[in-house]
Amino acid sequence: DLVYSGTDEAFAQWTNIMAPVYQAGIRIYPVYGNHDGAPSLFTNVFGADLPDNGPEGERKRTYYFQHQNAMMTGLDVYERTNRVNVHWLDGVLPSNYMPHVFAIGHIPAFKVYHTDCLDDDAAERDAFWDAMGQAGGRVYFCGHDHFYDHARLDDGDGHPENDLHQYVVGTGGAPLYDDGAYDGENGRWTPVRAHHEKQYGY
């Protein structure tokens, strides 16, 4: 979440705090979270700076861009509650030629603390995870849980170097949570914790 409750005032405060970053010419690519108010408010505030290449109904909230040797996808997981638009990704990822592929969404793909995550539709989450892996992606960034948690999702093939990693980085200022457990619907993957920390950061 960018703000506690999505209002014009809250987003004005956020953009004012981030003014030095904007003024330095550093691009900001936010993703939509469940506290960020109406989707239209989010796109009114950030849409002018975001790529307009997402699927119908999710433009300026689901998008991709390339920078140097990396492709990034920002994903709205609330247009269809707790789901990624896999159909759109399947049209975008095969054309990627960048060696590094990252996905960024609000909620974890694999449960840590909150029970609402992409495993609410495990089959669709699995399709997303497979699409990322086939495109050479290795990292999914998310928030929602207010702590730092890095897990490697072991696919059981005996080659950890091709496993995808989930980074929960919900450490931007909201009250911190205690630890959670990887006890959701994990499909054919086994979460292996790399690091966990209850600490503010970025």
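**Reading a helix residue and a sheet**

Modeller: Please note that this is a predicted model. Let us begin with Trp14, a residue of helix α1, which spans residues 8–17.

Biologist: Is Trp14 buried or exposed?

Modeller: A residue counts as buried when its relative accessible area is under 20%. The value for Trp14 is 15%, so Trp14 is buried.

Biologist: Which residues is Trp14 in contact with, leaving aside its neighbours within four places in sequence?

Modeller: Contact means that heavy atoms lie within 4.5 Å. With those neighbours set aside, Trp14 is in contact with Leu2, Val3, Tyr22, Ile28 and Phe46.

Biologist: Let us turn to the sheet. What is the order of its strands?

Modeller: The sheet is open and has 7 strands, arranged as β1-β2-β3-β4-β6-β5-β7, and the pairing is mixed. At the edges stand β1 (63–67) and β7 (190–197); each has a single partner strand, so one side of each lacks a neighbour in the sheet. On average, neighbouring strands of this sheet are turned by 20 degrees against each other, direction ignored.

Biologist: How many bridges join strand β5 to strand β6?

Modeller: There are 6 bridges between β5 (residues 148–154) and β6 (residues 164–169), and these two strands run antiparallel. As one case, Tyr148 has Val169 in β6 as its bridge partner.

Biologist: Which strands does helix α5 lie across?

Modeller: Helix α5 (residues 122–134) lies across β3 (100–104), β4 (139–142), β5 and β6. Its direction is at about 115 degrees to β6.

Definitions and conventions:
Residues numbered from 1 in each chain as written. Predicted model: local features only at pLDDT ≥ 70, side-chain atom pairs only at ≥ 80, totals over all residues. Heavy atoms only, no water. Helix = DSSP H or I, 4+ residues; strand = E, 2+ residues; numbered from the N terminus. Buried < 20%, exposed > 50% of the residue type's maximum accessible area, 1.4 Å probe, protein only. Pairing = 2+ DSSP bridges. Axes fitted to C-alpha atoms, helices over the stretch in contact; angles between N-to-C directions.
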